[in-house]
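Good morning, and thank you for making time on the agenda. I should like to take you through one protein model, element by element.

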Amino acid sequence: MKKILSLLFALTMAVGLCACGGTTDDASSDDTEPAGEPVVLKIAASPTPHAEILQQVVSILAEQNITLEITEYGDYVIPNTAVEEGDENANYFQHGPYLDQFNKENGTHLVSVAKVHYEPMGVYAGMTATLEELPDGAVIAVPNDATNEARALLLLESLGLIELNPEAGLDATPNDITSNPKNLQFKELEAAMLPQTIEEVNLSVINANYALQADLSPAEDALAIESSDSEAAQTYANIIVVKEGDENNEAVLALIEAIQSDAVRDFINETYSGSVVPMF
């Protein structure tokens, strides 16, 4: 009987030690796992500079167990419809007036959650080399979407080339021109097409992201650009956009904190030399 009791005691101790050992291993395993559940955050972006800027926060978000999937788009429509339909969680390519116009025209429910940067729109030489040489009847290419066309016309007005009805504001079109001493003609094109047709017109007014993609530097190559301290800088700041209701999504909030960091500000200033200006 003593032998049986001794054997049972030994087995009991062995089981207890195994259980203790298992608990220790589990605790050790938990300590090495990243905080939070793995999350995939999908974001649509223009290639330059938006996707390039987003690449700077991939590793920052990875430390928080968030995988940032960046999909590049070459137009101004699909990135918004993709967020509206849930194919993307966010996008980064547009400014506020364009977003407002898009929502109005398409019945979408998209909202801005952060300002990131401003891209000064510029006037670029085509068949005419300088503003002083611009002939009567010259053709100037401008973006055909409502907000960017108005912005282009306001820039041309600031250069003294035209005058606009002051009530038109951000809704201005060539129909709102009240004075056109050089009888300038306006060729309305999709924004992405402007750099490709630059040699076919006298001048082109081009969004900075498309200029950069065409190896044109707004700071160095443009004949004139919007002032970085102007009202346009605030109005046309490029933004992170999500579908209404996702503003407080934890992954989205983490993205905002990462992209508005000192490291990203330094990257923008050092990489684009004034062609892209941080707004945080």
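Predicted model: local features only at pLDDT ≥ 70, side-chain atom pairs only at ≥ 80, totals over all residues.

Let me start at the end of helix α6, where the helix is followed by Gly160, whose phi is positive, near 80 degrees.

Residues are numbered from 1 along each chain as its sequence is written, and side-chain values use heavy atoms, with hydrogens and water left out.

To return to α6, this helix comprises 13 residues, 146–158. At 1.5 Å a residue they should span 18 Å, and the end C-alpha atoms are 19 Å apart, which agrees. The expected span is 1.5 Å times one less than the number of residues. Buried positions in α6 include Thr147, Asn148, Glu149 and Arg151, together with Leu153, Leu155 and Leu156. By buried I mean under 20% relative accessible area; exposed is over 50%, and partly exposed lies in between, using a 1.4 Å probe and protein chains only.

Now the overall picture. The protein has 11 helices and 13 strands. Of its 280 residues, 46% are buried. Among contacts with a separation of 6 or more, 75% are between residues 24 or more positions apart; contact means heavy atoms within 4.5 Å.

Helix α6 also takes part in covering another helix, α5. Within α5, residues 96–106, the buried residues are Gly96, Pro97, Tyr98, Leu99, Gln101, Phe102 and Asn103. Their cover includes the helices α4 (78–84), α6 and α9 (231–235), and the strands β3 (90–95), β4 (110–118) and β12 (238–243). Just after α5 comes Gly107, with a positive phi of about 65 degrees.

I turn next to helix packing. Two packed helices are described by the angle between their axes and the distance between the axes. How are α2 and α11 placed relative to each other? Helix α2 (residues 47–55) packs against helix α11 (residues 262–272) at an angle of about 140 degrees, and the axes are 10 Å apart. That makes α2 oblique to α11. The axes are lines fitted to C-alpha atoms, for helices over the stretch in contact, and angles run from 0 to 180 degrees between N-to-C directions. Under 35 degrees counts as roughly parallel, over 145 as roughly antiparallel, 65 to 115 as roughly perpendicular, and the rest as oblique.

On the α2 side, the contact is made by Pro49, Glu52 and Ile53; on the α11 side, by Val264, Phe267, Ile268 and Tyr272. Pro49, a residue of α2, is joined to Thr48 by a cis peptide bond, with omega about -5 degrees.

Both Thr48 and Pro49 are also contacts of Asn209, as are Ser46, His50, Tyr76 and Glu119, leaving aside neighbours within four places in sequence. Asn209 belongs to helix α7 (residues 208–213). Is this residue buried or exposed? Asn209 is buried, at a relative accessible area of 2%. From Asn209 to Pro120 the C-alpha distance is 9.4 Å, across 89 residues of sequence.

Two further asparagines have a positive phi. Asn65, in the loop between α3 (58–62) and β2 (66–72), has a phi of about 70 degrees although it is not a glycine. At 17% relative accessibility, Asn65 counts as buried. Asn183, in the loop between β8 (177–179) and β9 (185–189), has a phi near 55 degrees and is partly exposed, with a relative accessible area of 48%.

The loop between β8 and β9 also holds Lys182, which is partly exposed at 25%. Which residues does Lys182 touch, not counting those up to four places away in sequence? They are Leu134, Pro135, Asp136 and Gly137. The C-alpha atoms of Lys182 and Asp136 are 4.6 Å apart, although 46 residues separate them in sequence.

At 70% relative accessibility, Glu250 counts as exposed. Glu250 and Val39 are 211 residues apart in sequence, with 9.8 Å between their C-alpha atoms. Thank you; I welcome your questions.

Conventions
Helix = DSSP H or I, 4+ residues; strand = E, 2+ residues; numbered from the N terminus.
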